[in-house]
Amino acid sequence: MTALLEIDGLGKSFGGLRAIDRLSFVVHEREILGLIGPNGAGKSTLFNLINGVFAPDQGSVRFGGVDITGAPPHRIAKYGIARAHQIVQPLEAMTVLENCTVGACFGSRNLSRRQAEAAAYEAATFVGLDDRLAIPAAHLNIAGKKRLELARALAAQARLLLLDEVLAGLNPTEVEYMIGVIRRIRERGIAILMIEHLMQAIMSLSNRVIVLNSGQKLAEGLPAEVANDPQVIEAYLGDPELARQLHGGS
Amino acid sequence: MATQQVSTRIDALPRTILHRPFFWIIALAIAAFVVAPTIGNDVQLRESLLLAAVYIILASNLNVMIGYAGYVNFGSIVFFGLGGYLCVWLVGRPGFPLAVAALAGGVVVSALALVFGFGVLRLRGAYFALATIGVNEGVQAFVMNFSPWGGAAGMYLSTELFAPLGGPRQALWTIYYLLVAVMGLSLYLSYGIKVSKFGLGLLAIGQNEDAAAVLGVPTRLYKALAYSATAFLPAIAGGLYYFKSAFIQPSDAFDLTFSTEAIAIVMLGGQGTIAGPAIGAFFYEELRGWLLTSDTFSHFQLVVAGALLLIIVLFLPRGLIGTAHARWPDLRRIIE
Amino acid sequence: MRLPILAAIMLAAMATGAFAADSDTITIGMTTSQTGPLNVDSLGLQQGANMWRDDVNAAGGIAVGDKHYQVRFVTYDDQSQGSRVQQLYTRLVVQDKAQFLFGPYSSGLTATAAVISEQYGALMLTAGGAEPKTYELGNKYLYQVITPAGGYLKGAVEALQAHNPHAKVALVYSDDPFSKAVLAATSEQAKKAGLEIVMNESYAPSTTDFGPVINKIISSGADSFMGGGHYSDGATLARQLYEQKANLKWISILVAPGDDKFATLGPAALGVTTGSQWEPSESYKPEFGPTGPEFVKRYRAKFKSDPDYHAASGYAGGLILQHAIEQAGSIDQAKVAAALDAMDVMTFFGRVKFATDPQHHGLQVAHEMVLAQWLMNDGKLTRQVVWPKDAASAALLYPIPAH
């Protein structure tokens with residue numbers, strides 16, 4: 001498989017805290033790469049470094065062969081990377097359709113507003129929000145808002161989605177639905193780098209998994225390999241709930 | 001991943017702005033402004049509507065920064081005042097009849113606004129607001145010490161300058177029509193922006209600037225463009241207005257009271273809507289004018305104006321039009 | 001044959017009788033700054049004008065031919081702001097049918113109102129605008145009652161020249177538009193009068209210590225001083241000139257000595273002169289209207305306070321308009337304008353004559369600022385008019401006694 005996103009020797013410090021340290025990995029086209037690790041491991045920071053919220057101190061980020069290290073967020077979107085945030089960020093007073101239109105307008109394709117509305121409609125339908133297009137985003141429930149994050153990212157016609165805990169806070173039915181959506185996204189040929197704490201989801205969805213601990217890569221490989229890696233298990237001992245989950249509990 | 005065939009729901013949206021009813025409502029309002037005083041040669045009505053038009057120009061341009069992008073520009077009067085100064089200074093020089101002088105003022109001010117905008121718009125919220133006040137005060141201080149423009153004493157315009165326009169009586173009518181044209185352009189500009197891709201980006205910035213950036217909106221560029229674009233027409237209006245007044249001085253031209261009133265009007269009418277600032281400006285101006293000349297109220301017209309403001313802020317925080325939209329959602333399609 | 005004559009007699013009877021109430025009023029329109037930063041100064045103007053109206057109505061009204069017209073004012077608040085002035089003056093002319101206008105307070109507002117006066121050919125008398133530029137804009141219907149700003153210290157220069165033709169003058173003044181304009185004109189007048197200017201400097205308006213400046217004055221060899229700005233810097237200058245023993249023979253200061261508070265400076269105030277549009281102690285002999293003392297007495301009785309020069313100029317405006325109408329024998333704008341153009345009269349306020357050339361039409365050319373000086377009178381410091389001679393109430397003290 002061809003490499004789409006290449007992270008090489010990435011490093012970032014905040015004051016005295018080394019948040020990301022000598023991190024290198026690859027996301028291939030059409031793959032779902034799961035990103036797990038204990039709280040505070042640096043997962044969201046990594047996303048911030050990829051999509052330009054912070055610039056790294058060391059290392060590089062390449063996307064489709066192009067060096068995008070340190071590019072500002074709106075340029076990253078143009079390159080074709082979209083993000084769904086852990087804490088949802090709906091454009092509250094705007095409708096679902098308008099939210100998605102923003103994604104479509106300013107994403108990787110330079111669409112006019114009318115064209116963007118068509119793409120937005122398509123993205124909203126894909127995640128099952130077509131029954132709520134005219135509703136202001138503020139009026140959606142948490143599940144709806146999570147779907148909106150996803151829809152916006154899709155509307156942007158991105159080649160890589162950064163999904164940050166999109167399943168958090170959802171009930172089992174919702175989780176199942178979203179897992180289905182994510183699978184269908186991969187079927188469309190879009191690569192996904194997803195942070196998730198729900199082990200069952202990560203294990204079933206991911207082609208490969210990376211484990212982050214204290215800003216460093218602890219393990220990398222197939223889901224089953226990673227789940228049985230002693231170092232990983234030890235890291236998660238600090239988080240008993242997760243340790244339980246690793247081994248089939250949920 | 002070709003986009004699917006667009007459903008009927010999308011087709012239901014108006015094809016172009018010309019098909020939206022509100023476009024024609026604006027045209028009607030402009031026609032009313034032109035026809036009403038002209039028919040009866042009603043000079044008093046004209047004077048009154050002229051002030052209303054000025055407020056509408058200021059408020060509807062300001063609405064783009066406040067209501068769309070969410071940046072409260074406290075010092076927006078600087079565009080009006082600087083445009084006024086440039087026009088008064090240029091007019092009467094060879095090659096600068098009134099229209100050209102006013103236009104030149106508009107171009108220079110919006111160019112300066114673009115340059116300043118990039119700097120000032122790095123700040124957000126209260127810091128931005130303070131910075132805009134600083135810009136206004138800075139320009140005022142400059143003008144006060146700039147003797148070619150009369151310094152603190154200001155500039156006077158000779159009545160001869162009204163001659164090319166046919167003398168004061170005719171000139172005042174011509175200036176009125178020009179200002180109504182600028183008012184129309186302001187309304188169409190804010191409307192056009194709102195339905196465009198640019199406007200969508202601004203609205204996204206106003207909702208959540210960081211999320212908008214992640215979604216690909218070029219926030220720095222868009223904010224500066226909005227700041228500059230909405231300086232253009234107020235600057236022209238300032239040129240026309242101060243020409244008519246035949247006198248300009250820094251303490252009037254850069255008086256923050258005006259921009260504060262404009263902000264209040266945008267709030268009163270309903271920020272983010274097009275009709276809101278226009279309706280707010282119209283009623284605010286008519287009310288103030290009436291209070292000023294009424295026998296009963298003229299002594300405490302400031303109290304009445306202040307009380308009204310308080311009532312609206314407490315009970316109608318979305319402004320008149322915003323509240324109407326919430327009550328009757330279908331109204332949105334007609335009065336935007 | 002008898003019917004038409006009867007009808008004519010009836011018409012004549014009706015004209016002088018029943019319709020008198022409506023048609024025999026002259027309406028004068030004006031705006032005043034009832035609110036806003038100019039409201040204190042504007043109040044005096046308004047009260048002076050009101051008093052004139054009440055006086056003239058009590059005396060039966062203005063005589064026009066063999067008819068008498070009562071005077072009616074329509075006044076609006078311009079809030080000290082130019083944005084309302086044109087709207088309000090338009091209303092005064094168009095809706096309230098004002099036949100004549102009084103100008104607003106301050107030169108800026110006057111210029112803005114003048115556009116309306118020009119548009120309708122409505123005569124406007126201004127007692128609130130000292131800036132001469134307003135009258136150099138080609139207006140044909142403005143008439144300025146007070147002395148333009150440049151004349152502020154003209155009397156001081158003349159008086160000084162009369163007592164010491166070889167005076168060495170130091171000009172030291174605040175860096176603000178008013179003071180700069182006055183002193184620029186004064187400098188020209190002094191040069192023309194043959195006086196020697198040994199120093200010409202401005203200071204920042206916020207200056208509170210004039211020590212270094214006064215040292216410079218002393219070392220310049222000046223024996224006369226003219227300058228200042230507004231109240232606090234003027235008063236401080238006077239005090240420090242005294243304390244540092246500058247021993248100047250002549251001191252003229254803007255604004256500050258015109259305020260009664262100036263007396264608190266004690267010996268430092270003695271001999272200090274200032275220009276004034278009008279002083280209660282002036283003794284001009286008027287051709288018509290009240291004398292100075294009469295005006296002061298009646299004003300005190302009516303308003304329970306002493307009149308300042310704003311009040312006097314407000315009253316004078318009305319007086320002048322009345323005289324012009326009576327001279328013209330008509331309320332027709334053109335005839336009254338002609339009467340104003342021809343006017344050269346003395347009132348309690350001083351002499352009044354308007355420029356008639358197109359470049360300066362309406363500028364006041366005869367009224368002079370009087371020179372007032374603080375003098376000892378029975379052991380008390382009072383302000384007296386000392387120049388020009390026909391307005392003086394006391395002899396000019398020169399030189400200021402050395403101390």
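Of the 2 pairs of chains that touch, chains B and C make the most contacts. Residues are numbered from 1 along each chain as its sequence is written, and chains are lettered from A and ligands numbered from 1 in the order in which they are written. As the model is predicted, local features need pLDDT of at least 70 and side-chain atom pairs count only at pLDDT 80 or more, whereas totals for chains, interfaces and linings use all residues; side-chain values use heavy atoms, with hydrogens and water left out.

The interface of chain B and chain C draws 32 residues from chain B and 31 residues from chain C. Buried area is the accessible area (1.4 Å probe) that two parts lose on being put together, summed over both. For chain B and chain C this area is about 2800 Å², with 56% of it on carbon and sulfur atoms. On the side of chain B, the greatest losses of area to chain C fall on Gln44(B), Tyr156(B) and Leu292(B), which together account for 24% of what that side buries. The interface holds 1 salt bridge, defined as a side-chain nitrogen of Lys or Arg within 4 Å of a carboxyl oxygen of Asp or Glu. The side chains of Glu285(B) and Arg84(C) form a salt bridge, at 3.2 Å from N to O.

Helices (H or I, at least four residues) and strands (E, at least two) are DSSP runs, numbered from the N terminus. At least two residues of the side of chain B that touches chain C come from each of helix H3 (43-68), helix H7 (167-195), helix H10 (219-245), helix H13 (275-293) and helix H14 (301-315) of chain B. H3(B) provides the largest share of that side, 7 residues. By class, the side of chain B that touches chain C comprises 16 nonpolar, 9 polar and 7 charged residues; here Ala, Val, Leu, Ile, Met, Phe, Trp, Tyr, Cys and Pro count as nonpolar, Asp, Glu, Lys and Arg as charged, and the others, Gly among them, as polar.

The contact between chain A and chain B involves 34 residues from chain A and 28 residues from chain B. These chains bury about 2800 Å² between them, 65% of it on carbon and sulfur atoms. In chain A, Phe106(A), Arg113(A) and Arg114(A) lose the most area to chain B, together 25% of what that side buries. Across this interface of chain A and chain B there are 0 salt bridges, but 11 residue pairs are in polar contact, both at pLDDT 80 or more. Helix H2 (73-79), helix H3 (96-106) and helix H4 (113-126) of chain A each contribute at least two residues to the side that touches chain B. That side of chain A has 14 nonpolar, 9 polar and 11 charged residues.

Within chain A, the domain assignment (bounds from an automatic or database source) gives domain 1 (1-80 + 159-170 + 190-250) and domain 2 (87-158). Their C-alpha centres lie 25 Å apart. Between them, domain 1 and domain 2 of chain A bury about 920 Å², 66% of it on carbon and sulfur atoms. In domain 1 of chain A, Lys78(A), Leu161(A) and Leu170(A) lose the most area to domain 2, together 44% of what that side buries.

Chain A also contains an open sheet of 4 strands in the order E2-E1-E4-E5, with antiparallel pairing; two strands pair if DSSP finds at least two bridges between them. Strand E2 (17-28) and strand E5 (66-67) of chain A stand at the edges, each with a single partner strand, so one side of each lacks a neighbour in the sheet. Strand E1 (residues 3-14) and strand E4 (residues 58-63) of chain A run antiparallel and are joined by 5 bridges. Val61(A) in E4(A) is the bridge partner of Ile7(A).

Key. Contact = heavy atoms within 4.5 Å. Polar contact = N/O pair within 3.5 Å; in protein donor to acceptor, adjacent residues only side chain to side chain.
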